[in-house]
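Here is a friendly briefing to read alongside the model. Take a moment with the sequence and the fold, and then go through the notes topic by topic.

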Amino acid sequence: MTHGVNTTNSFESIGTILGDLREKVIESRHIDVSSLPTKEELDRQTAINAQKALSRQKQEFYSEQSLWPADTPVSFNFSDWKPDLQENSKVAREAGKKAYLLAKRLAIGEKFNVVFVGAPGVGKTSLALATLCELKKAGKGTVFVSTAELAGLYQQKREYPDILKRLAKVEDAMKHSDVLLLDDLGTEGFSTFNDFGVRTDMQQLIYRISNARFDFKSNRVRGITLTTTNNSQDQLKKMYDPKIISRLVPANKEQRVVFNGFKDVRGV
Ligand SMILES: Nc1ncnc2c1ncn2[C@@H]1O[C@H](COP(=O)(O)OP(=O)(O)O)[C@@H](O)[C@H]1O
Ligand SMILES: [Mg+2]
């Protein structure tokens, strides 16, 4: 049996050896001991790093909750944007440039919301995705939520109780992701789901999301929200509480990428 080994002594001797080694290294490399971090500083740094790792993990989890159209993840980069697909390539180039400059400002730490407004098939989701991609590259957590898919989940939640769990995770992600892309806000407003009371559910959800992503103390955006929509601000305000819309969808021209004079290029 080897139970009687005196571990305390062996640790002490290792401690002494390491201590001597430390002295030798300090001496041979002419290290200024006074500039070395103290144990408290090292502990503090370790705690900060652990906090950062946890926050990264959370953001990755939020990202995994994305609700893609037809369950198919899509990506789009600014380099994929082809202004010549539009007859009026000048306005298409300008829209791409505007989104790109906004993405760059957001990437370096500014916080504001952006809306992409226009008819179907003009490239709103593409430029919003390019912005999302830029922010992801800058280290931000991102989540994509198709409003139509979300409405679909609400519609099915009575038949499939598991969907409630899924919805809870999606809601968590929509509230706390660094960046939320809310795709096609407004399409659900004209759906036939009203009979199931889904619209009320959706309205309440969007209300909770808009509150969570807004910092009432400083009256500023807490988490960046990118919205795409076919609807005007006024139409959206009829579907949702106007307060929700003004918190999520900017009225300020500078933060609106408007696709006026664009043609539907789906399938071109
Ligand atoms: N300027 C463009 N350059 C490259 N692809 C484009 C452009 N405009 C639209 N598309 C493509 O056309 C399709 C429809 O665009 P999308 O962004 O989904 O439009 P919207 O969200 O306005 O309905 C997508 O496959 C998209 O990648
Ligand atoms: Mg779209």
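Asn 219 is exposed, because 7 other C-beta atoms lie within 10 Å of its own; by definition, 12 or fewer such neighbours make a residue exposed, 20 or more make it buried, and anything in between is partly exposed, with C-beta atoms placed from the backbone. This is a predicted model, in which local features need pLDDT of at least 70 and side-chain atom pairs count only at pLDDT 80 or more, while totals for chains, interfaces and linings use all residues. Residues are numbered from 1 along each chain as its sequence is written, and chains are lettered from A and ligands numbered from 1 in the order in which they are written.

**Backbone with positive phi**
- Most residues other than glycine have a negative phi.
- Asn 219 is not a glycine, yet has a positive phi of about 60°.
- Asn 219 sits in the loop between strand S4 (214-215) and strand S5 (220-221); strands (E, at least two residues) and helices (H or I, at least four) are DSSP runs numbered from the N terminus.
- Ala 70, also not a glycine, has a positive phi of about 55°.
- The loop that holds Ala 70 runs between helix H2 (39-64) and helix H3 (89-107).
- Ala 70 counts as exposed because it has 8 C-beta neighbours inside 10 Å.

**Around ligand 1**
- Ligand 1 is surrounded by 18 residues, the closest being Lys 82, Gly 123, Lys 124, Thr 125 and Ser 126; a residue is near the ligand if its C-beta atom, placed from the backbone, lies within 6 Å of it.
- Helix H4 (residues 124-137) contributes the most to this shell, with 3 residues.

**The nonpolar core**
- The largest nonpolar core holds 47 residues, and Leu 132, Val 145 and Leu 181 have the most contacts inside it.
- Such a core is a set of buried Ala, Val, Leu, Ile, Met, Phe, Trp, Tyr and Cys residues joined through C-beta atoms within 7 Å.
- Leaving aside neighbours within four places in sequence, Val 145 is in contact with residues including Ser 66, Leu 150, Met 174 and Asp 183; contact requires C-beta atoms, placed from the backbone, within 7 Å.

**Overall layout**
- The chain has 9 helices and 7 strands.
- Its radius of gyration, taken over C-alpha atoms, is 26 Å, well over the 18 Å that the globule rule gives for 268 residues, so the chain is more spread out than a compact globule; the rule is 2.2 Å times the number of residues to the power 0.38.
- Buried residues make up 30% of the 268 residues.

Note on methods
Contact = placed C-beta atoms within 7 Å.
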